[in-house]
Number of protein chains: 2
Amino acid sequence: MASTGLDGGRSRSARVVVLGGGFGGVYTALALERLAAKKGARVEVSLVNRENYMVFQPMLAEVVAGDVGILDTVSPLRQMLPRTQLYVREIEAVDVERRVVVLGAGMTPRRHELEYDHLVVALGNVTDFRDIPGLPEHAMGFKTLADAVRIRNHVINVLEQASVVRDAEVRRSMLTFVVAGGGFSGTEVAAALNDCVRAALGDYRSLRVEELRVVLVHSGKQVLERELTPALARYATKTLGEQGIELVLGERLVAASPQSAVLGDGRRIATRTLISTVPSSPNPIVERMGLASARGRLECDGTTAVKGCEGVWAVGDCAQIPMRDGSSSPPTAQHAIRQAKVLAANVVASESGGHGRKSFAFTGLGKLGALGHRRAVAELPGGVTVEGQLAWLMWRCIYWAKLPGASRKAKVAVSWLSDLALPAHPVPLNLGGGRGARQAHYEPGEVVFEEGEVGDSLFMILSGTVEVSKRVGGETRQIGMLGAGEYFGEMALLGSSSRSASTRAATALDLLVLPGSDFAALTESMSEFRGQFERIAGARAEADAARESSSGQGRRPLR
Amino acid sequence: MASTGLDGGRSRSARVVVLGGGFGGVYTALALERLAAKKGARVEVSLVNRENYMVFQPMLAEVVAGDVGILDTVSPLRQMLPRTQLYVREIEAVDVERRVVVLGAGMTPRRHELEYDHLVVALGNVTDFRDIPGLPEHAMGFKTLADAVRIRNHVINVLEQASVVRDAEVRRSMLTFVVAGGGFSGTEVAAALNDCVRAALGDYRSLRVEELRVVLVHSGKQVLERELTPALARYATKTLGEQGIELVLGERLVAASPQSAVLGDGRRIATRTLISTVPSSPNPIVERMGLASARGRLECDGTTAVKGCEGVWAVGDCAQIPMRDGSSSPPTAQHAIRQAKVLAANVVASESGGHGRKSFAFTGLGKLGALGHRRAVAELPGGVTVEGQLAWLMWRCIYWAKLPGASRKAKVAVSWLSDLALPAHPVPLNLGGGRGARQAHYEPGEVVFEEGEVGDSLFMILSGTVEVSKRVGGETRQIGMLGAGEYFGEMALLGSSSRSASTRAATALDLLVLPGSDFAALTESMSEFRGQFERIAGARAEADAARESSSGQGRRPLR
């Protein structure tokens, strides 16, 4: 019932709801606004996005490096799309039968339903860490502005901490930075991170360049081999190596813990900083729509209409759109922008009886990737390739030209010019937060905490086994094993301020970590809960006392 | 044992530890670095601060307004103080007997102890919400950069939400912004907020200026009456009023809830945004040092030495330092900077036998306060007063001149110039976080949630009573009362997605709020915990069924 025949067959404007505020969604809304203004198309456009701005994704690595201001990379959607109704809400569900999008309640008490005549799905994809143990808990993604800011903050905080630590092993692990994934995002963030930590050495006199280690883990034989020609991929790989980035090729990340990144061959890299740009998955909302898809992307025809569901269209990374040569359109911004124009024209055409639908026929302008140290690689149409500083200059010029808005262009230009003269100083923006109960994953043999350490968290075992040991006299003695459902670490909360035993993962171990402050709030409110902890703490203290006086083995010696 | 007589009586350099990285602490370290470089003073300076930057406090209100970039207001300490050892750690304790400062463990497993010969306390004061019910949970402070960013983010998020809400009452409460405290901070943030939300109307077409309400609550008869002359205070009060700020004078904030600010006369202002710049308290670390103090400030003599504790000095807002006229030095940046120079000179003098100690003799350069809408007030020495746009221009020039570093000056100048041409667009920087268990305070009669609302949090009652009611047939019937230690809201978590009853505070009510995600993690790990909830949920469902079939009264009807 979407196309009601000739223009005017519907007495009101066609309601178009766009899901997603990346390049695909925003340029679709923009094209529809223009068709309405210039050709009188009767459309009423709404756009739903989690933020009220569009992120200029290609520049996120510059935020990590500190080369541009945090908000220089974003464009306010209300400014770009003055005639579009913006909903800054979570999308809870899409009902393609009823033609309704259900939005979350936000700060209000009710969900909100949006009816549509045409639905444009432009939700991109998401980094999905769920299938790799420890990744959801201990890796940072690199997809959103918040990710970029979080990475920069974390890296600077680690440098601060490392600069006053004397223990060589702890320093080394703090100064090791691991990036997983050798596509465009992974190479760009590794290169930016490498530039950023090396530049920061000027500010941290106690850190030496030999202590720094930036590791890029990639499953292929060369970085960017899927994205570029073999010659350029080789150049990119060599260039990253020359900048001191340690490349681990033909290998994958298989697990992560608070202390290490674990590779497929069993190698453990001790680190406090793990960034992963893989694996990438379809947005869960797209999956739940139950429409035809191929490898997680919605199957479209050449007009960007989703197959088998009239009135639903898709654009960008979540859409599988055939190109003229039979291959499917690659997931890049330049393709999304061209798809958006085709899509908008076809929505309007379908409202006027379906005449004049267009097919997507863009073949690409080339590819660009930044490699840090003012170097880049570019592949232009006709097989022309450019590399090194010239490509880097092209990179900056092209993206600068694409930045929306004069004031943003001016601010980025000032940042870039001042960055050529003066390097950015490492200043983190810590907004608090990040507290609350969280999970942690440990690999077999890893230490959770050592006797005598400062501690203010309580741990509950979700799965796996923990070995508890204690120094008695001069030797370390195993005093117990704890399993799923048991907890430990409560001594440090109920009185003592340092850990009275050591704990180590005997198997792969998943823990729930409850910070002291939350624990205090919980125990205060739940006297039962507190009583239970106190009984166990009492029993453990008695067991300790018994063990120490008799030097015998305790029976239920937990900590 | 601090002054060991003549220079060289101590074979090593004197260790000076500065606590705090505001104007007082930073300028003390700077003065000591200069004395070491120019006069050969043998000092080794360490500075402990929570951040690795100094915030240029007078410009924080501009961050709220979006007039300057977030990081334009900060100066990296490592750049300002190249010869000072910086410790970015929490201060856990100061032991003046042992002459040791204990730092928190940070990301490392151990606490760190810093020994000193001279200790400089420059910890300022803190906003302390603890004595006002609901303030710790529901008010935002305005003291740090994180506070300023948080306020701006919150305000923009509220505008976004309000722009798509149709319920007039909910809209009104979302568009009401309350600031408590009419000193410099309070008036500056109220003025900036007022400018910011009015400018944002251009971006939110659905919001009308009549719906906006910015309220400033102040206990005095005029704003800034303690800080300025009566004539200027009157001018400031009048100017704020002319800009549409609603002034509530001679009144105090006495409580806060998620939905309202409560005043001393019992009035409730429905709002989602409450900023409080009062009350201000001594830093708890200063209190715990157990030194002589007057109204929370360390009692010093004219040389900035703390009375009765040799080797301990104080500077800035946490120090009570006598002026020549017998009054005590006011808590402003200009005084802190001059005190710092005196302090540094006296530390060096005491190392060379105590000769040539100086006394603090600065009388002040005047006072400046911004009032929004490009207006300000200024009081210069000799009784000269300036007001309006000229004072505002002075305000910008003076603070711009004081900004440290050429690149920061350039960036702020660009931001200010582009802001004159183009207003800042409202873009929030949401970094996630803010999750985890938190507390909430409700005033008697306030609704916690309504039947049918969307909900994903569980509530535990810390103190007070909750009335539970339900619509049965056409009427609303009270079905139970819950007290301290009981919980409610678990139905929405264990299956149902909307609230099956309404809850209201029968008395003043303090709750622990556990977000659904945390609850899921907790219940998964603690089968016992989950079992308990399921048993209660089952019993409540049975009671509901019984009530509905018999239309009789349920006996244990909780939700």
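Q: How many salt bridges does the count come to over all chains?
A: The count comes to 38, where a salt bridge is a side-chain nitrogen of Lys or Arg within 4 Å of a carboxyl oxygen of Asp or Glu. A word on the basis: this is a predicted model, where local features need pLDDT of at least 70, side-chain atom pairs count only at pLDDT 80 or more, and totals for chains, interfaces and linings use all residues. Residues are numbered from 1 along each chain as its sequence is written, chains are lettered from A and ligands numbered from 1 in the order in which they are written, and side-chain values use heavy atoms, with hydrogens and water left out.

Q: What makes Arg15(A) and Glu115(A) a salt bridge?
A: Their N to O distance is 3.0 Å, and the cut-off is 4 Å, so the pair qualifies. Arg15(A) lies in strand S1 (residues 14-19) and Glu115(A) in strand S8 (residues 112-115) of chain A, so the pair ties together parts 100 residues apart in sequence. Strands here are DSSP runs of E, at least two residues, and helices are runs of H or I, at least four, numbered from the N terminus.

Q: Why is Glu115(A) called partly exposed?
A: Its relative accessibility is 48%. Buried means under 20% relative accessible area and exposed over 50%, with partly exposed in between (1.4 Å probe, protein chains only), so 48% falls in the middle class.

Q: Is Asp117(B) buried or exposed, and why?
A: Asp117(B) is buried, because its relative accessible area is 6%. Asp117(B) also forms a salt bridge with Arg12(B), at 2.9 Å between the closest N and O atoms.
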